[in-house]
Structure formats: structure tokens, C-alpha cells
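Please read the points alongside the sequence and structure shown below.

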Amino acid sequence: MIGEETLLSPATETDLLRQQLQRAQRLSSVGTLASSVAHEFNNILTTILNYAKLGLRPTATEQSRLECLEKVLKGSQRAASIVSSMLGFTRNQAIRRDLTDLVALVEDTLLLCEKDLSKHQVHIERKFTCRPKAPVVAQQIQQILLNLLINARQAMPRGGRITLDVRENARTHMAEIHVCDTGAGIPPEKLRLIFDPFFTTKEPDSDGHGGSGLGLSVCRQIIEQHQGRIRVESIVGKGSKFTVKLPMALPGDRPVPEAA
Ligand SMILES: Nc1ncnc2c1ncn2[C@@H]1O[C@H](COP(=O)(O)OP(=O)(O)O)[C@@H](O)[C@H]1O
Ligand SMILES: [Mg+2]
């Protein structure tokens, strides 16, 4: 990490409550993913165990041992990156903006939920035409992305496709992240309500877990704190597209340090 840190305005009581709400909502989205992350770990462990056993067979050649070791290494690296992404996301970090590569942030978020998405037959299409950097609180933007991805998956109970598009608008100097799904869509009369706190259309499932209606209201809060914008377009029966716009520099800002 180089340079100075940019701290946001001093925390007032409202700020503290807002932070607590954001943290609670963040943990709740991790809860949604917990079982698929645990399954993924189990799969990785099984792979590691099997290749370790294979490599240790007395009949194994030098070449096959090397191949087994490579598989063990790959599995361990994947497990380590999932853990580090999970820890980064749940840790109570200082609210500090760093110049962050948004494509890397999207990939980090996908690490957390790609198992959950594939379990629900949801395919991801990446359209990363450029790699914009923006001065953001990385954990908060990850929280927005995770909320949008989980909502998209929940809108496609029989599976579908999520297209993730990262762009840069040179005219407005904004980075744009588009999250597009092929789900149920949102009727026009509900479209203006979805960012309201506690607005949800999700009934409790067999485990009694319904929607909290807090996901998008927290997204909006975070985006306002970043002087960004969020907009939604939706066609019932076809799908929805959420666009997050984030300034690539803040007016009057000193240069923001690059994320470590
Ligand atoms: N991608 C989407 N497709 C269809 N409906 C959506 C989508 N994202 C959000 N919604 C609607 O907006 C509502 C509010 O979303 P959110 O604030 O995340 O709360 P929750 O997910 O807990 O219901 C959802 O209940 C749903 O009706
Ligand atoms: Mg939600």
C-alpha cells in the first residue's frame, strides 16, 4: 500500500447504525451461500485426497506423481482463494476507499457464489471489455455485487444466464457494472418499490427463509456513499438488468492510493 488513506466523514450515530445494518446484511448474504461454499470445500478436499492417494501409489511413475502434485496444488490454491475472499468480505474492515480494479473485484465476488449459481443451473457470461479502476470501499462494492447476483439467481428458479459486463464511460468518467439476468423480470408497478427497505416478494421457503427486503436498499445506500448511481431495466418474462455506475475519480479528490 502506498500513499495516504482517504477516510470518509466522521461517524455520526446514523452512520454507525447504517454501518451495522450493512454488516448484518453482508453476513446474511454470506449465510445464503454458506452451504454451497461448504459443499465446494468438500469437493476440493475430495479431489486433493484422491490425487494425493494416487500419487502415493507404489506403481505411480515420476510423471504421474508430478501431475497428481499439480492437481493437489491447484485444489489447495482454489480453496485458499475462496477462504481469503470470504474473510475479506466478512471482516469488519476500516471504511476506506482504495483505487480498485473492478474486474478483479467482480471475479473475487464470483469466487464466493459461483458454486451456488452452478448448483441452480445458472451460467455466467463475462463481458469484460476493459478494466476500469475506481476509488471504492472494495468490501462494500462486493456486497452490492453479491446482492445483485443472489437476486438474479433467485429470479431464475429453473436456471438461466447472468451476463456480467464491466465498462468505462469516458464521457461521464464513470465505471459501469451491468448485471443482466434471464429471470422472471419485475412488473412496472413494483419497479419503483424494489429499493425501499423491507420490500420483498420472496415467500419463506421450506426452511422458513424468505426475503428481508434489505438487499437493494443497502445497495442504494452504499452507492450513494460512493456518489454513484444504480438503475434497473426489466421486462416481465424476459429478465432484468441492473447497472451500477461509479465515479472513477471524486471531484476535488487527491489521488487515491492503489489497493495492495
Ligand atoms: N434480478 C431480479 N429479478 C426480479 N426481481 C428482482 C430482482 N432483483 C430484485 N428483485 C425484486 O426486488 C425485491 C427486493 O430485493 P431485495 O431488496 O434484494 O430484497 P429480497 O431479496 O430480500 O427480497 C425482491 O423481493 C424482488 O421482488
Ligand atoms: Mg435480495
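How far from an oxygen atom of ligand 1 does a polar side-chain atom of Lys202 lie?

1. The distance is 2.6 Å, from a polar side-chain atom of Lys202 to an oxygen atom of ligand 1. A polar contact here is a pair of N or O atoms within 3.5 Å; within protein, one must be able to donate a hydrogen and the other to accept it, and residues adjacent in sequence count only if both atoms are side-chain atoms.

2. This is a predicted model, in which local features need pLDDT of at least 70 and side-chain atom pairs pLDDT 80 or more, while totals for chains, interfaces and linings use all residues. Residues are numbered from 1 along each chain as written, chains are lettered from A and ligands numbered from 1 in the order written, and side-chain values use heavy atoms, without hydrogens or water.

3. A side-chain N or O atom of Asp181 is 2.8 Å from a nitrogen atom of the ligand, and a backbone N or O atom of Leu216 is 2.8 Å from an oxygen atom of the ligand. Of the 530 Å² of accessible area that ligand 1 has on its own, the protein covers 92% (Shrake-Rupley method, 1.4 Å probe; for residues, only the protein chains shown count as cover).

4. Thr100 belongs to strand β2, residues 96–101 (strands are DSSP E runs of at least two residues, helices H or I runs of at least four, numbered from the N terminus). Thr100 counts as buried because its relative accessibility is 8% (buried is under 20%, exposed over 50%, partly exposed in between; 1.4 Å probe, protein chains only). Its side chain reaches the backbone oxygen of Asp98 at 2.7 Å.
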